[in-house]
Amino acid sequence: MSVNNVQAVLIVGAMILGTVITRFLPFLVFPAGKSTPPFIEYLGKTLPYATMGLLVVYCLKGIRLTAAPYGLPELLAVAAVAVLHRRKGNSLLSIGAGTVFYMFLVQAVF
């Protein structure tokens, strides 16, 4: 499917509008002098953990425990992420190093 110039401009315009709305809307809805509603504070505290749990389930859903390598690379990578996060407390470092470790295991070891 090819896109003509008018369609390309409309697509780019829609992307710009969506980006601007998602960037500026929170500042309009929750101004600096006004207190944040309790429900939004609750979501801010619980959603990061829920998101991480969802990502863990999504990443581990395809493990086959009945066939080699029996989920070993995934479990080792999860353990590496947990240990790194426990020691360093840096999510970016933990996730990044865990990903590199997993890719190394899959490409070179298993």
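Guide: Start with a cut-off. Buried means under 20% relative accessible area, and exposed means over 50%. Keep in mind that this is a predicted model.

Visitor: Why is Ser 94 called buried?

Guide: Ser 94 has 1% relative accessibility. The limit is under 20%. Therefore Ser 94 counts as buried.

Visitor: Where does Ser 94 lie, and what does Ser 94 touch beyond four places away in sequence?

Guide: Ser 94 lies in helix H4. Residues up to four places away are left out, and the contacts are then Val 81, Leu 84 and His 85.

Visitor: What makes Asn 90 a cap for H4?

Guide: A side-chain oxygen of Asn 90 lies 3.1 Å from the backbone nitrogen of Leu 92. That is at the N-terminal end of H4.

Visitor: Which residues of H4 are buried, and why are they said to be on the same side?

Guide: They are Ser 94, Gly 98 and Leu 105. Their arc around the axis is only 25°, which puts them on the same side of H4. The face turned away carries exposed residues: Leu 92, Val 100, Gln 107 and Ala 108. Helix H3 (72–88) is included in what covers the buried ones.

Visitor: Why are the buried residues of H3 placed on the same side?

Guide: The buried residues of H3 are Pro 73, Glu 74 and Ala 77. They cover an arc of only 100° around the axis, which puts them on the same side of H3. They pack against H2 and H4. On the other side, Arg 86 and Arg 87 are exposed.

Visitor: What is the volume of the largest pocket, and which element gives the largest share of its lining?

Guide: The volume is about 710 Å³. Of the 19 lining residues, Met 52, Val 56, Val 78, Val 81 and Ile 95 are the closest to the centre. Helix H2 (38–60), H3 and H4 each give two or more residues to the lining. H4 gives the largest share, seven residues.

Methods: Residues are numbered from 1 along each chain as its sequence is written. This is a predicted model: local features need pLDDT of at least 70, side-chain atom pairs count only at pLDDT 80 or more; totals for chains, interfaces and linings use all residues. Side-chain values use heavy atoms; hydrogens and water are left out. Buried means under 20% relative accessible area, exposed over 50%, partly exposed in between (1.4 Å probe, protein chains only). The arc is that of the directions from the helix axis to the C-beta atoms. Contact means heavy atoms within 4.5 Å. A polar contact is a pair of N or O atoms within 3.5 Å; within protein, one must be able to donate a hydrogen and the other to accept it, and residues adjacent in sequence count only if both atoms are side-chain atoms. On a 1 Å grid over the protein atoms alone, a cavity is a set of points where a 1.4 Å probe fits but cannot get out, and a pocket is an open set with protein on both sides within 12 Å along at least five of seven lines; lining residues have an atom within 4 Å of a point. Grid points are joined across faces, edges and corners, and a volume is the space filled by probe spheres set on the points.
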